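Biologist: Please take a close look at one part of this model, the contact between the two chains. Keep it brisk, and give the cut-offs.

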Amino acid sequence: MRLVRRPRRAAPETIVALIDVVFFLLVFFLLIGRMDATAPFEVLPPLSDGGTDLPGGGATVAVAADGTLALDGAAMPEAAVLDALRTRLRDAPDLRVRVNAHGAAPLHRFLPLAAEIEALGAREVVLVVTPGVP
Amino acid sequence: MQITRRQRQGAVISLVAMVDVLMIMLVFFMVTSTFLDLDMIPMAERAPDAPAPDVVQGAAVAAPGSPVMVRLGADGRSYLRGRALDADALTAALRAPDLRGAEVLVLPSGQADVQALVRVIDAITRAGPSAMRILRVEVRP
C-alpha cells in the first residue's frame, strides 16, 4: 500500500481584517484631505505666528511672486478675477475670499488687489499664512 | 417519503472586487491629499449691512486720539518715528507707556513683499494696539 500525503492547503487568511484596515485608511484620508484647487504656479504663503485657523470653503485668489493671479486654481488676468468674484458675491454675499499670496509677492500688487476685492462687497477678506516664526 | 426542499443559499458576493475598489479609492485620496497647515489673518471684515468702502475715493482715516505711524521700507525694515527697528524692538517700542494701546497706521512701501508686511503686522499685534490700519498710497496721473 502506498501512502500519499495530501498537499497541505495554505491557511485561508481572513480578508475581513484587510478590508477593515483599508476602510479605516480610506475614511482617514477622506476626513483630513481638503479638496482645494491648487494654484497653477508656486505659492508659498508668508510665515506668521499670529494667525488663526483657516476654515474651509470660500473663493481662493492666488498671487504668485511675480504678481500672476489665479482664481480657484485657474490662472486669469485681474479683470477676469474681479468679474468672477463680483458674480459669485452677488449670488452668495457671505462668500469668504481668501487671498493666498506668495510671501515674495510685491505689496504694490497685493494691496490694491485686496482693496478691489473689498470694494466688490466681500464681507470677509483673509490673507492665508503658514503658521511659524518668520 | 417526505421531500424537503433544500434552503437556497444567498448569492455569494466576492469580497475581492470590493477590496479592489477600496484600494483604488484609498490610493486616490492618498495621492491627491495635501497636508497643508494654513492659518489666516483677516484683512477686511465688516458688518453685513455696512456699505462697501469706496476704493476710488480712498478711505479717510478718522483719528481718535493720536495714532502712531509705522513705515515699512522697500527693504522690509520697519521704521517708527524715523528709527529703523526690527520686529522685537518694534513690539517693545509700541508697548512703551506713551504708545500703549494707540491706533497704529502702517504705511508700507509698494516694493516691500507680503512677508515683510506680515512680519510687521505680527509685531504690532503682539504689542496689543487698539486698532491697526494699513495705508495705501495711490498714484494718480
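Modeller: Here is the interface, with the confidence of one partner alongside. This is a predicted model, in which local features need pLDDT of at least 70 and side-chain atom pairs count only at pLDDT 80 or more, while totals for chains, interfaces and linings use all residues. Residues are numbered from 1 along each chain as its sequence is written, chains are lettered from A in the order in which they are written, and side-chain values use heavy atoms, with hydrogens and water left out.

Start with extent. Chain B brings 44 residues into contact with 50 residues of chain A (contact means heavy atoms within 4.5 Å). About 4300 Å² is buried between chain B and chain A. Buried area is the accessible area, taken with a 1.4 Å probe, that two parts lose on being put together, summed over both. Carbon and sulfur atoms give 70% of that area. D39(B), M40(B) and V114(B) supply 17% of what chain B buries against chain A, more than any other three residues.

Now the polar side. Between chain B and chain A, 14 residue pairs are in polar contact, both residues being at pLDDT 80 or more. A polar contact is a pair of N or O atoms within 3.5 Å; within protein, one must be able to donate a hydrogen and the other to accept it, and residues adjacent in sequence count only if both atoms are side-chain atoms. The count of salt bridges between chain B and chain A is 1. R126(B) forms a salt bridge with D49(A), their closest N and O atoms lying 3.2 Å apart. The criterion is a side-chain nitrogen of Lys or Arg within 4 Å of a carboxyl oxygen of Asp or Glu.

Last, confidence. Chain B has a mean pLDDT of 79, and 82% of its residues reach 70 or more (pLDDT is the predictor's confidence in each residue, from 0 to 100).
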